[in-house]
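Student: I am new to this structure and would like to go through it step by step. May we begin?
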Amino acid sequence: MKIKVLTLFKEQFDGFLNTSIIKRIIEKGLVEVELVDIRDYSIDKHRHVDDTPYGGGAGMLMRVDVVAEAIKDNRSDNTHVLLTSPKAKPFKEEDAYRLLQYDELMFVCGHYEGVDHRVSDYVDENISIGDFVLTGGELATMVVMDAVMRLINDGISSDSLKEESYTNGLLEYPQYTRPLVYDGKEVPFVLTNGDHEKIRKFNLKNSLRETYLYRKDLLEKRELNKEERQMMEEIIDELG
């Protein structure tokens with residue numbers, strides 16, 4: 001996969017691209033990332049990329065001629081272009097899997113008060129990570145890139161991906177590691193006895209419990225099977 005990021009602040013990506021799993025994915029050659037400075041497409045000697053909006057209003061807008069030229073100069077026929085914008089439903093895990101299907105992605109990081117509306121004619125999709133305002137689109141782009149890149153083949157083991165929160169529509173079950181006992185708190189016995197079927201049921205029930213406690217909206221969208229319905233009845237009874 002190839003990913004291009006159009007941004008005013010390339011340095012913000014330094015730590016992200018050179019740390020942990022993301023760094024290993026790039027070093028393996030599984031994804032190629034290129035950062036493009038939008039200021040390189042400015043049309044004046046002061047490298048301005050923004051201007052005041054027609055009709056008045058607070059703040060500055062990124063100019064259409066600058067941003068559109070940057071997009072056109074860096075996209076190919078196979079590129080899927082995404083613009084960070086509040087005009088989109090919040091990004092979800094299913095979107096990460098969907099974006100994984102593209103050979104080339106381009107992220108356009110908005111800034112200032114936003115971008116000239118005509119930029120939308122040059123992008124394929126708006127993308128948002130939530131109903132809140134950031135100072136720029138760089139953080140949102142990194143969040144989406146992280147969610148997509150970690151799914152790339154061999155980036156993370158397939159078993160780990162299967163058990164993560166949201167992958168199967170539920171929050172992940174609580175997990176434990178050594179020591180067995182700390183400050184009087186002990187790892188549940190069922191996880192230590194080697195009975196894989198009991199462990200599976202224990203983890204599934206606790207996954208349902210966590211989702212019921214913290215994200216009931218996910219359960220409303222999920223069609224529970226017979227085993228899960230029985231577990232949910234037990235959970236609701238136990239919680240009173």
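Student: Where is Phe-132 found?
Tutor: Phe-132 has its place in the loop between S8 and helix H5 (138-149). Helices (H or I, at least four residues) and strands (E, at least two) are DSSP runs numbered from the N terminus.

Student: What kind of model is this, and how are its residues numbered?
Tutor: This is a predicted model, in which local features need pLDDT of at least 70 and side-chain atom pairs count only at pLDDT 80 or more, whereas totals for chains, interfaces and linings use all residues. Residues are numbered from 1 along each chain as its sequence is written, and side-chain values use heavy atoms, with hydrogens and water left out.

Student: Back to Phe-132: is it buried, exposed or partly exposed?
Tutor: Phe-132 is partly exposed, as its relative accessible area is 49%. Buried means under 20% relative accessible area, exposed over 50%, and partly exposed in between (1.4 Å probe, protein chains only).

Student: Which residues make the nonpolar surface patch with Phe-132?
Tutor: Phe-132, Leu-134 and Leu-139 make a nonpolar surface patch of about 280 Å². Patches take residues with over 30% relative accessible area and no salt bridge, joining like charges within 9 Å and nonpolar side chains (Val, Leu, Ile, Met, Phe, Trp, Tyr) within 5 Å. Accessible areas come from the Shrake-Rupley method with a 1.4 Å probe, and for residues only the protein chains shown count as cover.

Student: How many salt bridges does a search of the whole structure find?
Tutor: The search finds 18 salt bridges. A salt bridge is a side-chain nitrogen of Lys or Arg within 4 Å of a carboxyl oxygen of Asp or Glu.

Student: Which residue forms a salt bridge with Arg-47?
Tutor: The partner of Arg-47 is Asp-37, and their closest N and O atoms are 3.3 Å apart. This pair links distant parts of the chain, 10 residues apart: Arg-47 is in the loop between strand S2 (32-37) and strand S3 (50-51), and Asp-37 is in strand S2. Arg-47 is partly exposed at 33%, whereas Asp-37 counts as buried at 16% relative accessibility.

Student: And which residue pairs with Arg-200?
Tutor: Arg-200 forms a salt bridge with Glu-227, the closest N and O atoms being 2.7 Å apart. Arg-200 lies in helix H7 (residues 196-214) and Glu-227 in helix H9 (residues 226-239), so the pair ties together parts that are 27 residues apart in sequence. Arg-200 counts as partly exposed at 36% relative accessibility, and Glu-227 also counts as partly exposed, at 26%.

Student: Which residues do salt bridges with shared partners join into one network?
Tutor: That network is made up of Lys-205, Arg-209, Glu-234 and Glu-238.

Student: Let us change topic. What is the volume of the largest pocket?
Tutor: The largest pocket has a volume of about 620 Å³. On a 1 Å grid over the protein atoms alone, a pocket is an open set of points with protein on both sides within 12 Å along at least five of seven lines, and lining residues have an atom within 4 Å of a point. Grid points are joined across faces, edges and corners, and the volume is the space filled by probe spheres set on the points.

Student: Which residues lie nearest the centre of that pocket?
Tutor: Of the 27 residues that line the largest pocket, Thr-84, Ser-85, Pro-86, Glu-113 and Gly-114 lie nearest its centre. Strand S5 (79-84), strand S7 (114-115) and strand S8 (125-127) are the elements that give two or more residues to this lining.

Student: How is the lining divided by class?
Tutor: The lining has 11 nonpolar, 13 polar and 3 charged residues. Ala, Val, Leu, Ile, Met, Phe, Trp, Tyr, Cys and Pro count as nonpolar, Asp, Glu, Lys and Arg as charged, and the others, Gly among them, as polar.

Student: Is Thr-84 buried or exposed?
Tutor: Thr-84 counts as buried, at 13% relative accessibility, and its place is in strand S5.

Student: What about the backbone: which peptide bond is cis?
Tutor: The bond from Arg-178 to Pro-179 is cis, with omega near 5°. Pro-179 lies in the loop between H6 and S9. In general, most peptide bonds are trans, and most residues other than glycine have a negative phi.

Student: What is the phi of Ser-20?
Tutor: Ser-20 has a positive phi, near 55°. Ser-20 is placed in helix H2 (residues 20-27) and counts as partly exposed at 45% relative accessibility.

Technical notes. On a 1 Å grid over the protein atoms alone, a cavity is a set of points where a 1.4 Å probe fits but cannot get out, and a pocket is an open set with protein on both sides within 12 Å along at least five of seven lines; lining residues have an atom within 4 Å of a point.
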